[in-house]
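Please keep the sequence and the structure at hand while reading.

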Amino acid sequence: MKKFSSLILSAALFAAGCICTDEVKHTAQNEYVLREEMSASKIYIENEFLKVSLLPELSGGVENVVLKSSSLPLLRGGAYILYSQGPLFVHPTASGVLYTEKFWDHANPGLTKMQMRAKTGSMVSFYAPTYDIQPAALQRDITVLPDSTIVKFDVTYTPHEGTKYITKGRIQPWLNLLASLDINWKAVIPGKGGLQVNGLGQKTDFPETGIYRKGTFGPNTFFTPARNWVAVTSAEKQVSLAIIHDQEKTCTIYSWQGLHENRFARTIEFIFPDSAKSANDIRKYSYKIAVFTGIGDLQDIVQDTAIESRKENGRLILRFSSARNVEAQKLAVSCKLNGKVTALKGTDKLPALKTGKVVEAVYELPETLAQGELAVTWGKDSFTLLEEVK
């Protein structure tokens, strides 16, 4: 009976014009995602070759590395973006920034405002008593090395005393470098062939050890590294950019290519292992970003020097572009084919290398050896030049 009476009352009120059918006017925001670019302070370190911009508020991230001789930015750059969906969901992020240290276990790391403990013209030391969402302090010393095109990173990760929230094997620094979108890059991924286990514990089985670029076997794949570096290179700009590290060889290489902000993008990435014996151990990491100029490709990096090779008119031409000054050293090249090793005639000593300058070494290469494996001895280093895996 009460329900029937209510219906009669509602009908009467409607007939009298007492019920409003218009939308209620209000000033409250609808819940859709808003994107706002925020300002972030920058600091700079540099030498005569490179200028590096950093963002202390964005986890001390490297915004860009600029090659001074050509005013060429080599990274994507970055911005401080605030995403909000209603008043309760506000998510700050660093867009496009090489911002270290990410940890592989955390898909959405938070931003940490780093304290600047020391600074000179070419070096800065950042510190955070609690970094990201980790129960740990982090110190990062970043230096543009003198007379070089190298940016060096020394990182110390110190768990808080007595913490119970760090699991051994889960603190894996992840270096994710997004190269400039204005440069047409090719990946240079030194991958191991055969059945291997990478630093993520995954089995990888590639046809052979060599340089992988794209296609069936990559680059959007995890690689077991054949070298301690991964790079991108541009024939048009005659420049290469590499991450070089001195960590355990059990790390993992990854390189992603795809669309970023509707433009072609390329990353080079290392995922380090957690080498600590126990969860609460202090961890130390070192790695470098190196720039090589004057060459349009590279097949190996030795002594902070990129090596490019080509074969033409019965000759083997090796081109050396160093990211730092390197003293003159003996050089020998041999070719292995069908189990037979033949020493090649040509340059027997490489002159001193200067940062950013290219030096060539030339050898006779008979047609019968054109498909052979090239072995190089340079000073104290002996290595086989990696070939591209087609």
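In which strand does arginine 315 lie? Arginine 315 belongs to strand E27, which covers residues 315–322. The model discussed here is predicted. The chain has 390 residues, of which 48% are buried, and it contains 1 helix and 33 strands.

**The chain as a whole**

- The chain exposes about 20000 Å², and carbon and sulfur atoms supply 51% of that area.
- Of the contacts between residues at least 6 apart in sequence, 61% join residues at least 24 apart.

**Arginine 315 and its surroundings**

- Arginine 315 has a relative accessible area of 36%, so the residue is classed as partly exposed, a class that lies between the limits of 20% and 50%.
- Apart from neighbours within four places in sequence, arginine 315 is in contact with Arg310, Val362, Tyr363 and Leu365.
- One of these residues, tyrosine 363, is 48 residues away from arginine 315 in sequence, yet the two C-alpha atoms are 5.6 Å apart in space.

**Nonpolar cores**

- In soluble globular proteins, nonpolar side chains tend to be buried together.
- The largest nonpolar core in this model comprises 54 residues, and Leu54, Leu74, Leu177 and Leu241 have the most contacts inside it.
- Leucine 74 touches Asn64, Val65, Ala179, Ser180, Ile183, Trp185, Val239, Leu241 and Val291, when residues up to four places away in sequence are not counted.

- Strand E10 spans residues 123–128 and is mostly covered, with 5 of its 6 residues buried.
- Strand E9 (residues 115–119) pairs with E10 in the antiparallel sense over 4 bridges, and the two strands form a hairpin with 3 residues between them.
- Within this pairing, lysine 119 has valine 124 of E10 as its bridge partner.
- E10 also pairs in the antiparallel sense with strand E11 (residues 136–144), over 6 bridges.
- Tyrosine 127 stands opposite glutamine 139 in E11.
- The ring of tyrosine 127 also has the charged end of arginine 117 over it, 3.7 Å from the ring centre.

**Two further hairpins**

- Strand E28 (residues 329–337) and strand E29 (residues 340–343) are antiparallel partners joined by 4 bridges, with leucine 337 opposite lysine 340 in E29.
- The hairpin of E28 and E29 has 2 residues between the strands, and asparagine 338 in this hairpin takes a positive phi near 55°.
- Strand E32 (residues 373–378) and strand E33 (residues 381–384) run antiparallel and are joined by 4 bridges, and valine 376 stands opposite phenylalanine 383 in E33.
- E32 and E33 form a hairpin with 2 residues between them, where glycine 379 in the turn has a positive phi of about 60°.

**Aromatic rings**

- A pair of aromatic rings is described by the distance of the centres and the angle of the planes.
- The structure holds 13 aromatic pairs.
- In one of these pairs, the rings of phenylalanine 270 and phenylalanine 272 have centres 6.3 Å apart and planes at 40°, so the pair is tilted.
- Why does phenylalanine 272 count as buried? Phenylalanine 272 counts as buried because its relative accessibility is 0%, and buried means under 20%.
- Phenylalanine 270 likewise has 0% relative accessibility and counts as buried.
- Phenylalanine 272 and tyrosine 285 have ring centres 6.2 Å apart and planes at 25°; the pair is therefore stacked, since planes under 30 degrees apart count as stacked.
- Phenylalanine 272 lies in the loop between strand E23 (263–271) and strand E24 (283–293), while tyrosine 285 lies in strand E24, so the pair ties together parts that are 13 residues apart in sequence.
- Tyrosine 285 counts as buried at 3% relative accessibility.
- Phe153, Phe270, Phe272, Tyr285 and Tyr287 form one aromatic cluster.
- Elsewhere, lysine 102 lies over the face of tryptophan 174, at 4.9 Å from the ring centre.

Methods: Residues numbered from 1 in each chain as written. Predicted model: local features only at pLDDT ≥ 70, side-chain atom pairs only at ≥ 80, totals over all residues. Heavy atoms only, no water. Buried < 20%, exposed > 50% of the residue type's maximum accessible area, 1.4 Å probe, protein only. Contact = heavy atoms within 4.5 Å. Areas by Shrake-Rupley, 256 points an atom, 1.4 Å probe, with all protein chains shown as cover. Pairing = 2+ DSSP bridges. Core = buried A, V, L, I, M, F, W, Y, C linked by side-chain atoms within 4.5 Å. Phe/Tyr/Trp six-rings, centres within 6.5 Å; stacked < 30°, edge-to-face > 60°. Lys NZ or Arg CZ within 6 Å of the ring centre and 35° of its normal.
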